[in-house]
Amino acid sequence: MSYVMPVYNEAAYIDAAIDSVLAQQYDGERELVVVLGPSTDGTTETVIARAEADPRIMVVRVPQLSIPVSLNRGIEAAAHDIIIRVDAHTELPVDYTALGVAALQRTGAASLGGLMVATGRGRVQSAVARAYNSRFGLGGGAYHGAASEGPAESAYLGIMRRGPLEQVGLYDEGLKRGEDWELNLRLREAGHLVWLDPALRVAYWPRDTWGKLARQFTATGIWRGELVRRLGGRNSLRYFAPPILVLSLAASLVLLVLELTGVVSGWLAWLLSLVYLGPVLYVVLLLVLLLSRSSGARFSDRLTFVGVIVVMHLSWGAGFLRGVAVGARDAVDRSRIES
């Protein structure tokens with residue numbers, strides 16, 4: 001069993017992530033391949049010290065900031081046929097490996113994943129976690145809350161068989177985001193099964209500041225736009241909702257200025273006013289979320305949650321439009337430059 005963990009500037013989370021891997025209750029040989037990017041926050045020193053103290057940890061160094069490159073170098077260095085991707089922002093429950101491998105063998109899947117269960121400390125990160133776990137935050141992706149087991153579009157993290165991975169060429173090193181979805185698309189198109197097992201639940205620590213959240217979602221949106229440029233209609237329709245929201249907001253602001261200055265008036269103004277429908281419905285949704293107890297126990301918590309939803313949607317949507325218009329152009333997740 002080989003766990004592959006790409007790591008960059010994760011000083012606050014790396015020890016807990018490594019501990020959760022080493023604590024797995026699973027019989028058989030295991031190794032943890034930690035692929036170190038050029039960290040600047042002490043992560044490298046922590047990982048090297050852990051590797052020197054525990055022979056189960058192998059360190060691979062990569063010079064660039066690229067998750068697909070890190071994953072590929074880790075898989076190439078791994079000794080076993082079952083690859084389990086883990087991230088430094090995640091913590092695995094102790095039975096994750098045993099349950100996942102059993103499901104892999106039972107289903108014959110090439111790639112299998114479970115549910116991301118976001119969790120947080122403090123007001124902002126906790127609100128981000130609630131947004132991750134909400135269908136309004138990340139658009140209803142199966143691994144954010146689906147209750148039924150079965151074939152899936154993609155797999156969160158991924159418990160994978162080496163053979164099918166090598167058959168399709170591993171991760172696309174030309175991508176900076178969306179690499180899991182794109183890999184699983186190629187696996188499915190090659191005739192392999194991708195599977196969701198909701199019994200697998202992984203704790204995930206999301207970004208903990210407004211700035212990091214905005215930068216993360218902008219980069220994610222940019223690379224989804226790049227994937228649309230490359231793959232067109234093979235992308236799910238849900239990915240188009242945030243950019244449509246951004247376009248409708250922009251069109252509404254332009255129309256409002258034209259109406260207030262008298263440039264547009266009369267029947268044409270009434271006709272074009274249909275563009276306001278999208279922003280109005282979105283504001284209604286935000287008001288409903290603000291009043292819902294599921295958004296947070298206190299009003300301040302709910303207000304933060306609504307703010308997080310807006311940042312997610314607008315950052316992602318604006319990034320998507322940029323990615324579709326001009327391509328990703330090697331854009332990176334700037335939130336990862338900070339620890």
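Apart from its neighbours within four places in sequence, Q64 is in contact with G37, P38 and V69. The model described here is a predicted one. Q64 is placed in the loop that joins β3 (57–61) to α3 (67–77). With a relative accessible area of 35%, Q64 is partly exposed, because the partly exposed class lies between the limits of 20% for buried and 50% for exposed residues. Between Q64 and Q24 there are 40 residues of separation in sequence, and their C-alpha atoms are 30 Å apart in space.

Two further loop positions concern backbone geometry. Most residues other than glycine have a negative phi. N9, a residue other than glycine, has a positive phi, near 50°. This residue, N9, belongs to the loop between β1 (2–7) and α1 (14–22). N9 counts as buried, since its relative accessibility is 3% and the buried class covers values under 20%. A positive phi is also found at L157, where the value is about 60° although the residue is not a glycine. The loop that holds L157 runs between β7 (150–151) and β8 (159–161). L157 is likewise buried, its relative accessible area being 2%.

When neighbours within four places in sequence are left aside, the residues in contact with L32 are Y3, M5, I18, V21, R56, I57, M58 and V86.

Helix α13 (residues 299–326) takes part in two helix–helix contacts described here, with α9 and with α10. The axes of α9 (residues 210–231) and α13 come within 6 Å of each other and cross at roughly 35°. This crossing of α9 and α13 is right-handed. By residue class, the contact between α9 and α13 contains 14 nonpolar, 9 polar and 4 charged residues.

L213 is located in helix α9. This residue is buried, with a relative accessible area of 1%. Neighbours within four places in sequence aside, L213 is in contact with V128, R207, V308, V311 and M312. Among these partners, V308, V311 and M312 fall within the residue range of α13. L213 and W181 are 32 residues apart along the chain, and a distance of 20 Å separates their C-alpha atoms.

The second contact involves helix α10 (residues 241–260), which packs against α13 at an angle of about 90°, the two axes being 7 Å apart. Helix α10 is therefore roughly perpendicular to α13, because angles of 65 to 115 degrees fall in that class. On the α10 side, the contact is made by P242, P243, L245, V246, L247 and L249. On the α13 side, the contributing residues are H313, L314, W316, G317, A318, F320 and L321. By class, 11 residues of the α10–α13 contact are nonpolar and 2 are polar, with no charged residues. The contact of α9 with α13, by contrast, includes 4 charged residues.

How values were computed:
Residues are numbered from 1 along each chain as its sequence is written. This is a predicted model: local features need pLDDT of at least 70, side-chain atom pairs count only at pLDDT 80 or more; totals for chains, interfaces and linings use all residues. Side-chain values use heavy atoms; hydrogens and water are left out. Axes are lines fitted to C-alpha atoms, for helices over the stretch in contact, and angles run from 0 to 180 degrees between N-to-C directions. Helices (H or I, at least four residues) and strands (E, at least two) are DSSP runs, numbered from the N terminus. A crossing is left-handed if the near helix is turned anticlockwise from the far one by less than a right angle, and right-handed if clockwise. Ala, Val, Leu, Ile, Met, Phe, Trp, Tyr, Cys and Pro count as nonpolar, Asp, Glu, Lys and Arg as charged, and the others, Gly among them, as polar. Contact means heavy atoms within 4.5 Å. Angles under 35 degrees count as roughly parallel, over 145 as roughly antiparallel, 65 to 115 as roughly perpendicular and the rest as oblique. Buried means under 20% relative accessible area, exposed over 50%, partly exposed in between (1.4 Å probe, protein chains only).
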